[in-house]
Number of protein chains: 2
Amino acid sequence: MSTLNDVARLAGVSTMTVSRVINDSGYISPETRARVNRAIAELGYMPNVLARQLRSKRTKTLALVVTDIANPFFTTIARGVEDAARARGYAVMFCNTDESEAEEIEYVRVLIQRRVDGVLLVPATDSSGSLQLLREHALPVVVLDRHVRSALVDEVLTDSETGAYLAVRHLIDLGHRSIAILTGPATVSTAVDRVAGYRRALAEAGLGAESEQILFGEFNEASGYEMTRRVLTAQPRPTAIFAGNNFIAFGAIQALRQAGVAIPDGISIVVFDDLPQGWVLDPFLTVVSQPAYEIGKQAAELMLERLTGDPPGEPRTIVLASELIVRRSTAPPRREVAATVPSLRAHMENPA
Amino acid sequence: MSTLNDVARLAGVSTMTVSRVINDSGYISPETRARVNRAIAELGYMPNVLARQLRSKRTKTLALVVTDIANPFFTTIARGVEDAARARGYAVMFCNTDESEAEEIEYVRVLIQRRVDGVLLVPATDSSGSLQLLREHALPVVVLDRHVRSALVDEVLTDSETGAYLAVRHLIDLGHRSIAILTGPATVSTAVDRVAGYRRALAEAGLGAESEQILFGEFNEASGYEMTRRVLTAQPRPTAIFAGNNFIAFGAIQALRQAGVAIPDGISIVVFDDLPQGWVLDPFLTVVSQPAYEIGKQAAELMLERLTGDPPGEPRTIVLASELIVRRSTAPPRREVAATVPSLRAHMENPA
DNA sequence: CTGTTAGCGCGTTCAG
DNA sequence: CTGAACGCGCTAACAG
C-alpha cells in the first residue's frame, strides 16, 4: 500500500506538496499539481484515513445511538442524520442499545475510544451515566427523542404531551369514555409525557382519575401484546386503546385479533408513531405522526453547528410538533361488540 | 483526553508497561499492574484506537457491502456476519450500494482508505471493477450471495439453481403449466441461476421453451409490480408466478390485489427468500428459504480464517442449500383445462 | 519483568 | 509557491 512518501518520491517533490495537492490547500503551481496527480494515479495511492485522523484530531465521524434499530421511527431518524451529516462530509456510526443502559454505556466507551467527533444519543433511560462519561471526555452530545432531566445538553424532540392529548381528545370526541393507554417504561420521558397528555385530555373532558387505565410496559410488540391481554379482561373493558408507540400497537393488534375483537368496531385504536409508506399496503391506523426525519436532521445540524461554529453557547432544546392523522382504526364506540371482522387480517398479511 | 504517557507518568512506569497492561501481553508484576490500573481509573483513560490501528496496521474491522440494506435477507446476513465477527473481537462496517456498481466502487475506495482488514461483498453486478481495486490494494475479499465469473475469490452462496428448480417443480406438481418467472437483472448470477432452475424444471416436465415466460427486471418492489402488470395481460395468462426475490413478491402481491386476483385462487405465487418472523403476522407465502444468517456467519468465519490463519491457500467456494417451504400461496390451478397430475399427491405427502 | 528506540502515515509550523 | 522538522498516540523489536 503506497504512502504519501512514495508519491512524493515518484513525483520528485516533498510529502507536504503532495499533501497540499490532495487537500487542495495552499498554492501549488499547475505543473507540480499535474505531476503529483500523475504519480497518485500511477501508484493508485489512497490516503490513510487513520493517520490523517490521528494527526488532525478529528475523525469527521458522528455516532447515532438508538434504542431499537428495527423500529422504523429510528431508522427514519437515522436517514435524517445521515443525510445532514453526509452533506457536510461527515460519516455516521450507527449503534443499537436495545433499550439497555448497560449496552449504552458500553457503546459510549467504544465511541470515545474511536474518537468520534460527536454523539447523537437516544437515551435508554433518563439516568445519565453515559452522558456523564461523555462529558468527562469532552465529547459533544445531542440528545434525541427523549428528554433527560439531569443534564444540560442540546435536545431535539417532539412534543409528546400535546401529541398524546390530541390522540385522546380525538377518542373522546368520538364518544369514548373508557380509554386505556399502553406505553413504555416510566423511566422514559416519552412514556411519561404521553401519559400526561392522556390525563390532560381526560381531565379537560371532565373524566376523572377513576376512569384512567394506565399501563406502563416496554416499547415493543411483546409488551403491547401482553398489556392488551390485560386490558381485555379489565372491568369495564375500555372501548378504545391508545398505544404509546408503533410496536406496542403491533402487539395490541395481534392480541385483539386473537381475541376476535375487530378494529374499530370492537375497540378503537390510536397509535403514537406512524409507519413509513411501504410497511403496510393500506394504512388504516389512526396515528400521531412525529417528524422523525426532521428530528434526525435537525439533531445532526445542531451537532455540526457546535462542532464547526465558534460560539458554544447555551444548551438548546428544539421541540417539534406532532400531528394527528385520522384513518380507519378509530370510530365511535358501539354497544354490541362485533364478533369478527376479516378485513384486518387481509390487511396485516400483505406487507409491502 | 489523557494518553498513555499521562498514565505512565502517574504510575511511575514507562509507556510500554502501560501498553502491556492494557493489552494483556507479556509478563507484568502484580503490583505494577495494580498501580497502572489505578492510574488508568484515576484518569479515566481510554486508549486511542486510531493510534493503535495506525501503529499495528490492523483495524480489527471488517466491512460488509450489500446491495439493499432494507431487505431482510441482507439484514439477516448482516446479523450472521456481526455475530461471527464480534465473537472474534472484530467490528463490522455496513455499507449499502443500492444495486449500483458506481456506489460499490465508491464504498470500496472508502474502505481502502479506512484500512479495514477485509471486505465481505455482495457485488451489484458480475463485473469486477471493485474486486480488482481490492486486489490491487491487497485487501482480502469474500464474495457473498452472488457468484462472480471473472474473479478467483472466496465465495459463500446458496444454490439458486436448485432452489428455483424446487419451487417451479412444486408448481408443476400442483398442475400448473403456465408459469411466469419475475426476477432481477441478467447481470446478476442469482437472477440467471434462478432462471436456469426454472428452465430445468419445465424441461424435465416436458414443457418446452414455448411455455416459458421469463421477465428480467430489478430485485425491488416497483419492478415486481411492473412485471406483474405485464404478466397479467399476457396471452395466455399464467396460472402461477415465481418471484425471484421477496421484494419482487411484494410488488407482485400489490399488483394482484389491485387487479382483484386472489392468491392462490386466481394465481399461485412462490417466492425466493422467506421473510423473518415478525414481518408478517401470519406467514402464508410459499417460499424457497435461504440460510441467510448462515451465509453471513460462514463468510465472516472464512474471512477471519484468512486473516489470522497462516495458509492462504486456494480460493474456496461454499455452497449452502435452500429449502422449499410450502404454505398457502400455492394451490392447484382452478381452470378446468388444467388436469391434476398424479405426482401431486406424492409431493404433498412428502413435502421437501 | 521492564525500558529504550524507532517508527506507523499524515498535517501543522515555520522557514525559505 | 515549496520544503524540513516535528509530533499525534501508540506498539514492534530489541535490550537489559
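This briefing covers the protein surface around DNA strand D and the domains of chain A. The model is predicted. In it, 25 residues surround DNA strand D. Both chain A and chain B supply helices to that surface.

**Surface near DNA strand D**
- The closest residues are Thr17(A), Arg20(A), Thr32(A), Leu4(B) and Tyr45(B).
- Sugar and phosphate make up 63% of the atoms of DNA strand D that come within 4 Å of the protein.
- By residue class, the surface holds ten nonpolar, nine polar and six charged residues.

**Helices that contribute**
- In chain A, α2 (15–23) and α4 (49–56) each supply at least two residues of the surface near DNA strand D.
- In chain B, α2 (15–23) and α4 (49–56) likewise each supply at least two residues.
- α2(B) gives the most, with five residues.

- An N or O atom in the side chain of Thr32(A) is 2.5 Å from a phosphate oxygen.
- Arg55(B) reaches a base instead, with a polar side-chain atom 2.8 Å from a base oxygen.

**Domains of chain A**
- Domain 1 spans 4–47.
- Domain 2 is made of 57–159 + 291–316.
- Domain 3 is made of 160–290 + 324–349.
- The centres of domain 1 and domain 2 of chain A, taken over C-alpha atoms, are 37 Å apart.

Key: Residues numbered from 1 in each chain as written. Chains lettered and ligands numbered in written order. Predicted model: local features only at pLDDT ≥ 70, side-chain atom pairs only at ≥ 80, totals over all residues. Heavy atoms only, no water. Near = heavy atom within 4 Å. Polar contact = N/O pair within 3.5 Å; in protein donor to acceptor, adjacent residues only side chain to side chain. Helix = DSSP H or I, 4+ residues; strand = E, 2+ residues; numbered from the N terminus. Nonpolar A, V, L, I, M, F, W, Y, C, P; charged D, E, K, R; others polar. Domains from an automatic or database assignment.
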